[in-house]
Amino acid sequence: MTTITINGESHDFNLDPDTPLLWVLRDELKMTGTKFGCGVAQCGACTVMLNGMPRRSCITPIKALDGAEVTTIEGMSGPEYDAIQAAWRAIDVPQCGWCQSGQVMSATMLLQQLPAPSDEEIDQAMAGNVCRCATYHRIRAAIHDAAKTLEG
């Protein structure tokens, strides 16, 4: 039995200990905001927050999560998240949208750690999130826009 707090709610799972967190979220809890991309932690589509840090859920087995706190895109909140969402809409960042929940998770975490990141810091923080539509310039612009919004 593995107990995980997901978006503030405790859940008990009696699954194969090697079951990836991604499938727990999508198949067991029907939370489809976290996406399957590559399945080998290379694209970032499956990014969630694990104990406050970005983590690729496709390679994270539940046996490593007993007592952990997980936040998915469905559970995100706070000023950085609100600013990122507003900037994403204002700059029209998404194209196909598949990578966007992972992109938003990583961008929110970046602004929580660095309120005014440089281009290089943005590129470094977002390097693990691949966008097959190549909207990287709009992602960078949206993060700068969100940072300015948070400055007041």
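Guide: The following account takes the salt bridges in turn. The model is a predicted one, and it holds three salt bridges.

One of them pairs Lys 63 with Asp 18, with the closest N and O atoms 2.6 Å apart. Lys 63 is located in the loop between β4 (53–56) and β5 (69–71), and Asp 18 in the loop between β2 (9–13) and α1 (21–28), so this pair ties together parts that are 45 residues apart in sequence. Lys 63 has a relative accessibility of 53% and counts as exposed, because the exposed class begins over 50%. Asp 18, with a relative accessible area of 48%, is partly exposed.

Arg 140 takes part in the other pairings described here. Its salt bridge with Asp 123 has closest N and O atoms 2.7 Å apart. Asp 123 belongs to helix α4 and Arg 140 to helix α5, so the pair links parts that are 17 residues apart in sequence. Arg 140 also forms a salt bridge with Asp 119, where the closest N and O atoms are 3.7 Å apart; this distance still qualifies because the cut-off is within 4 Å. Asp 119 lies in helix α4 (residues 119–126) and Arg 140 in helix α5 (residues 136–151), so here the parts tied together are 21 residues apart in sequence.

Through shared partners, Asp 119, Asp 123 and Arg 140 are joined into one network.

Note on methods: Residues are numbered from 1 along each chain as its sequence is written. This is a predicted model: local features need pLDDT of at least 70, side-chain atom pairs count only at pLDDT 80 or more; totals for chains, interfaces and linings use all residues. Side-chain values use heavy atoms; hydrogens and water are left out. A salt bridge is a side-chain nitrogen of Lys or Arg within 4 Å of a carboxyl oxygen of Asp or Glu. Helices (H or I, at least four residues) and strands (E, at least two) are DSSP runs, numbered from the N terminus. Buried means under 20% relative accessible area, exposed over 50%, partly exposed in between (1.4 Å probe, protein chains only).
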